[in-house]
Structures are given as structure tokens and as C-alpha cells.
Amino acid sequence: MRKIAPDERQRLRKAYVKKLIHVIRTQGFLTLTIQDIADLMNLSRASLYNYFSSKEDIIMELTNLCINYINEFGQTISNEELSYSLRLRKVFEQAVFSAAYTSDIYLKDLKRSCPHLYEKKMQSRKEQTSIIHTFYQNGMKEEVFNELNASILIIQDEIVLERFVNTPFLMEEGLPLKQSLIDYYVAKKTQVLKPEYLQSTENEDINEMVDCVLKKLAAI
């Protein structure tokens with residue numbers, strides 16, 4: 001095993017596991033062999049062991065990557081110095097990437113083969129749900145948001161965006177992903193924001209925001 005500087009090794013670990021996300025979120029990982037994983041990473045099996053000690057080590061790195069990525073959104077959503085409309089946008093973006101990073105197929109495989117990682121992922125999800133729930137509740141208290149059930153808003157995002165990102169639903173309906181995300185975000189703003197605050201977002205460049213989201217999704 002060749003020597004690699006710790007920082008460089010960690011950077012490459014993240015880069016290599018990102019190459020697995022699409023396959024794992026659509027097909028799971030239980031049936032993947034180390035050779036399958038090496039092929040997806042464009043590495044030889046021997047080279048893979050320069051960066052990972054086992055299949056579980058790979059899944060651990062992937063799970064931590066997902067958790068850390070979603071946690072970054074949580075920090076922004078909790079930042080009360082930012083406007084509610086901007087943070088609502090971050091709630092939407094977080095929901096899109098949560099759907100992309102943690103599909104039901106991946107979670108089922110994680111629960112079955114790595115229960116300790118599954119519990120860690122579920123705890124992270126619980127914490128993020130609490131952050132978003134508090135955000136909605138505070139927005140209602142400040143009379144920026146319409147009076148709605150925060151839990152239902154969260155579930156709504158999870159169900160709709162899971163279907164958009166991880167199932168053939170849009171293809172079957174003949175709907176492009178970009179326009180579907182734009183339409184859903186516009187509907188979400190209309191649903192959540194009171195009219196006077198909704199008007200203040202009229203100049204928001206939704207196309208640019210969704211293009212940025214799609215660019216990041218394509219890199220997964």
C-alpha cells in the first residue's frame with residue numbers, strides 16, 4: 001500500500017465514494033462486491049485498498065458524506081440573521097439533496113447490514129427535521145408564514161422530491177426534472193409565505209437556483 005498524506009487520502013476517499021451514490025441510491029449496495037465497487041470508482045481492487053479497508057469502511061464514508069452535506073444546510077436554515085424567504089429556499093434545496101443522497105433503497109440496505117450507521121443516519125435525519133420544524137414554527141409566529149402543519153410540510157417535501165429524484169415518475173409523466181423542480185418550488189413558496197412576503201421574492205431567479213441544484217445533482 002503506497003503512502004498517502006492524510007489530507008489527500010481523505011479528499012480522495014470522498015471523491016471516490018461520490019462515484020457510488022447514483023448506483024447505491026437506485027440499486028442499493030448489498031449485492032455489490034468489492035470488485036464492483038472498484039470498477040465504479042475506476043480503480044483496481046488493489047488501489048481501492050489504498051483508501052478503504054473494507055466494504056463497510058466505504059459505506060461508512062458514504063454515510064458520513066451524506067450526513068455532513070445535509071448538515072451544512074441545517075446551519076444556514078438555523079441562521080436567524082438571514083431572511084425567512086432565503087432560508088425557505090435552503091429548506092427546498094436541502095430536501096432535494098436529502099432525496100438524492102438517501103433513498104429508501106439505500107436506507108433499507110444500511111439498516112440490514114450496518115445497523116450502527118443506520119442509527120447514526122436516522123439520528124441525523126431526526127435532528128435536521130427538528131431544525132426545519134422549528135424554522136416553520138418560528139416563521140408562523142413571526143407571521144411570515146401561513147398557519148400550516150409543519151410536520152406535513154416536511155413529509156410533503158420528502159414524498160414529492162423522492163419521487164422526482166429516485167423514481168421513473170417524471171419520465172412516465174413526460175415531465176422534465178428542471179421544470180418540475182421549478183413548479184414545485186413556486187407552489188411551495190405560494191403555500192408557505194404570506195402574500196406580502198411572497199411579493200418580495202418576485203425578482204428571485206428561480207431558474208438560476210434550480211440550475212445550480214441540477215449541476216450539483218449531476219456531479220453525484
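Predicted model: local features only at pLDDT ≥ 70, side-chain atom pairs only at ≥ 80, totals over all residues.
Salt bridges, aromatic pairs and surface charge

Nine salt bridges are found when the whole structure is searched.

Arg-11 and Glu-8 form a salt bridge in which the closest N and O atoms are 2.9 Å apart. The two residues are three positions apart in helix 1 (residues 6-18), so about one helical turn separates them. Arg-11 has a relative accessibility of 47% and therefore counts as partly exposed. Glu-8 is partly exposed as well, because its relative accessibility is 33%.

Arg-89 forms a salt bridge with Glu-204, and here the closest N and O atoms are 3.8 Å apart. Arg-89 belongs to helix 6 (residues 84-101), while Glu-204 lies in the loop between helix 12 (195-199) and helix 13 (206-218); the partners are 115 residues apart. With a relative accessible area of 23%, Arg-89 is partly exposed. Glu-204, with a relative accessible area of 21%, is also partly exposed; the cut-off below which a residue counts as buried is 20%.

Asp-211 forms a salt bridge with Lys-178, with the closest N and O atoms 3.0 Å apart. Asp-211 is in helix 13 and Lys-178 is in helix 11 (residues 177-192), 33 residues apart. Asp-211 is partly exposed because its relative accessibility is 36%, and Lys-178 is partly exposed at 30%. Elsewhere, salt bridges with shared partners connect Arg-89, Lys-90, Glu-93, Lys-189 and Glu-204 in one network. The bridge between Arg-89 and Glu-204 described above has both of its residues in that network.

A search of the whole structure gives 14 aromatic pairs. How are the rings of Phe-73 and Phe-97 arranged? Their centres are 5.8 Å apart and their planes are at 25°, so the pair is stacked; the criterion for stacking is an angle under 30 degrees. This pair also links distant parts of the chain, with Phe-73 in helix 5 (residues 55-77) and Phe-97 in helix 6, 24 residues apart. Are Phe-73 and Phe-97 buried or exposed? Phe-73 has a relative accessibility of 8% and so counts as buried, and Phe-97 is buried at 1%. Both rings belong to one aromatic cluster, formed by Tyr-69, Phe-73, Phe-97 and Tyr-101.

The last stop is the surface. Glu-80, Glu-142, Glu-143, Glu-147 and Glu-196 form a negative surface patch. One of these residues, Glu-142, is located in the loop between helix 8 (115-141) and helix 9 (150-166). Glu-142 counts as exposed because its relative accessibility is 52%, the threshold being over 50%.

Note on methods. Residues numbered from 1 in each chain as written. Heavy atoms only, no water. Patch = residues over 30% accessible without salt bridge, like charges linked within 9 Å, V, L, I, M, F, W, Y side chains within 5 Å. Areas by Shrake-Rupley, 256 points an atom, 1.4 Å probe, with all protein chains shown as cover. Salt bridge = Lys/Arg side-chain N within 4 Å of Asp/Glu carboxyl O. Lys, Arg positive; Asp, Glu negative; His and termini not counted. Charge placed at Lys NZ, Arg CZ, Asp CG, Glu CD. Helix = DSSP H or I, 4+ residues; strand = E, 2+ residues; numbered from the N terminus. Buried < 20%, exposed > 50% of the residue type's maximum accessible area, 1.4 Å probe, protein only. Phe/Tyr/Trp six-rings, centres within 6.5 Å; stacked < 30°, edge-to-face > 60°.
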